[in-house]
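Trainee: I am new to this structure and would like a close look at one part of it. Please take the salt bridges and go through them one by one.

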Amino acid sequence: MDRFPEQFARTRRFSLGVPRQFTLSPDGRRVVFVRTGSGGDPVGRLWQYEAGGERLLADPVLLVGGGAEAVPEEERLRRERARERSVGVVGYATDAAVEVVAFALSGALWAVRTDGGAPFPVPAAGPVVDPRPSPDGRHIAYVSGRALHVVALDGDDRQLVRPEGPEVSYGLAEYVAAESMGRSRGYWWAPDGRGLLVARVDTAPVARRYLSDPADPSRPPQVIRYPSAGTANAEVTLHLLSLDGERTEVAWDRAAYEYVVDAGWDAHGPFVAVQSRDQRVLRTLAVDPANGATEVRHERTDAAWVELVPGTPARTASGALVLPEDDGDTRGLVVGGRRVTPEGLQLRAVLGVEGERVLFTASEDPTETHVWRHEPGAGCRRLSAEPGVWTGTARGGTTVLAGLTQQGHEVHVLGDGDGPGRPPGAIASLAEEPLIVPRQTHLRLGERQLRSVLYFPSWHRPGTGKLPVLLDPYGGPALQLAVRARGWTGCVSQWFAEQGFAVLVTDGRGTPGRGPRWERAVHGDQLGPALADQVDALRAAGERFSDLDLGRVAIRGWSFGGFLAAAAVLHHPDVFHAAVAGAPPTDMRLYDTHWKERFLGHPDEVPENYARCSLVGKGHLLRRPLMLVHGLADDNVAVAHTLRFSAELLAAGRPHTVLPLPGATHLPADDAVNANLLRVQADFLKEALPAPEHGANGG
């Protein structure tokens, strides 16, 4: 147990050694994927699984050595937004046949053929970002210096389009697309490999932010473009580019629909999904490749906001649109205008379309996410069996199921039948086994049946004494913690339990997986319902388990969880006696446009929503011990959130603790810092909580 914090940090939250990013060949016989060398090795390597065996395709250590990796600034930002913790091969792309694989190493362009042979460098004009082979495998497109290039495998490089100024880029996703919409791409190949659909981003209207490192005052600040709520977004346009230099702009009403949510190019032509600034309307547009004209193929509307579902829109081979649809309290899957999923099955993401088959994830219970397949004439069939959080891909009669279960990471390779070359198999996870195994008690608490998990110390026996309680939530949109899987968050919660706490984790209103009404219960107020659910879950757990000492309650969290932790001791000092708030967004106006306006609206139109949810302006309410932790290089939740709030607390005469992390971004990367952060939090909370009542025993 004493060595768990070091293991947690060294394994990058147990992410190293886990296979990911699976691509199947058209015949379903080969699977390309990325995996580091072991649970303690941060270097990502490219692998291929075939006929039950694995073969190494590319080892960065052999290609460029094992030293520190130098990457272009655009790629560094991409990795940070993706919370990428490994180095080496962290991403790749293939041609349609999965015969050519392209990837970047230290800014250089590399390729490898999956039928054998060593990886080979491909000449490029400069540091490479997001290389992608053409579907026919003859060319590789990439971004360098904010310009889009195409290079033939024999080395003939062409700059298709160059930026017109220092604020313009081609082929890259803008900040809110990557951070808040889930769109990390900025260009898409035509199926015939003769053209591309390319995003042009102009950040000139976007306000500047300056990130500096106070620990090294000799370094100049980094300038980033960050669109805070209520301010101007980047101007995003789309262009059709041919390999011979022809260029056509895609036309739509950009004044009414300024967000490019997703785009693509399939056998039926280019398409794009665009969304209004208030996020209440989302349109799917078909693009005419001859002149860039668009036609509305579908429109989704909602009085609060239209939820973005990963993988949509998509189209089947016949051209049927694959879309989500909210009906009452169920988010279902619609194919060709017909609802194909039953009531109560909550669509989570569309994973892919092959022919008329649609592979998707959905939840019958919010604590589990499973892989499903819909096929005309056969209906919907669940493919994953064991409880957990599953995803996958399918092609050529083979399905790869990747899941996080209560035993850890699992990857299964399944065939539709027992034909040659497609026996059931598995791709090994090399992740380390945690030194602490979560001991989960899953609960449904209170009148809202709040999905919760309770962790007791392994040494605790019921009835032997009361334990202080630690709430350990995230509690916000886009993330669940109370799931039937052994994730790193559960391991950390169990470690805190071993320090002498009963740890309670609850997913309240606003978290995903329980349907549209549950998600939209926080519309206009991201604080009230979320915090009320934490209090209700605590009280309900206290009624059920007499060993919980509700006179000694602490709360900790990071990001939205940090916001909840700080809010808890401000608004409910009668319930919460100490808090640790990591990277808390204390001023809602400082967060980005697409994410924050989704829930609270435009701050100029509904300023009361921002005042209601922000912690700034309420520092005088603090009566309990509070530790604020923040990375000084955080480009997601700026350190200004913590510094301004701390200044307010000081001006109000409210003692508190601030722990600054020099050089740290939204998720600290330094192993020693991550290990000791756990210990510092535990020590602070144990010291800050009231002494136990006479006769109580904390173990």
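Mentor: The model is a predicted one. Its protein chain has 12 helices and 44 strands, and 57% of the 699 residues are buried. The chain carries 75 positive and 86 negative charges, whose mean positions lie 2 Å apart. Side chains of opposite charge can pair when their charged atoms come close. In this structure there are 37 salt bridges.

One of them joins Arg10 and Glu432, with N and O 2.5 Å apart. Arg10 belongs to helix 1, while Glu432 sits in the loop between strand 36 and strand 37, and the two are 422 residues apart. Arg10 is partly exposed at 35% relative accessible area, and Glu432 is partly exposed at 25%.

Another pairs Asp59 with Arg45 at 3.2 Å, N to O. Here Asp59 lies in the loop between strand 4 and helix 2, and Arg45 lies in strand 3, 14 residues apart. Asp59 has 14% relative accessibility, and because buried means under 20%, Asp59 counts as buried. Arg45, at 11%, also counts as buried.

A further bridge runs between Asp365 and Arg444, whose closest N and O atoms are 2.8 Å apart. Asp365 is in the loop between strand 30 and strand 31 and Arg444 is in strand 37, so this pair ties together parts 79 residues apart in sequence. Arg444 is partly exposed, with a relative accessible area of 42%.

Methods
Residues are numbered from 1 along each chain as its sequence is written. This is a predicted model: local features need pLDDT of at least 70, side-chain atom pairs count only at pLDDT 80 or more; totals for chains, interfaces and linings use all residues. Side-chain values use heavy atoms; hydrogens and water are left out. Helices (H or I, at least four residues) and strands (E, at least two) are DSSP runs, numbered from the N terminus. Buried means under 20% relative accessible area, exposed over 50%, partly exposed in between (1.4 Å probe, protein chains only). Lys and Arg count as positive and Asp and Glu as negative; His and the chain ends are not counted. The place of a charge is taken as NZ of Lys, CZ of Arg, CG of Asp or CD of Glu. A salt bridge is a side-chain nitrogen of Lys or Arg within 4 Å of a carboxyl oxygen of Asp or Glu.
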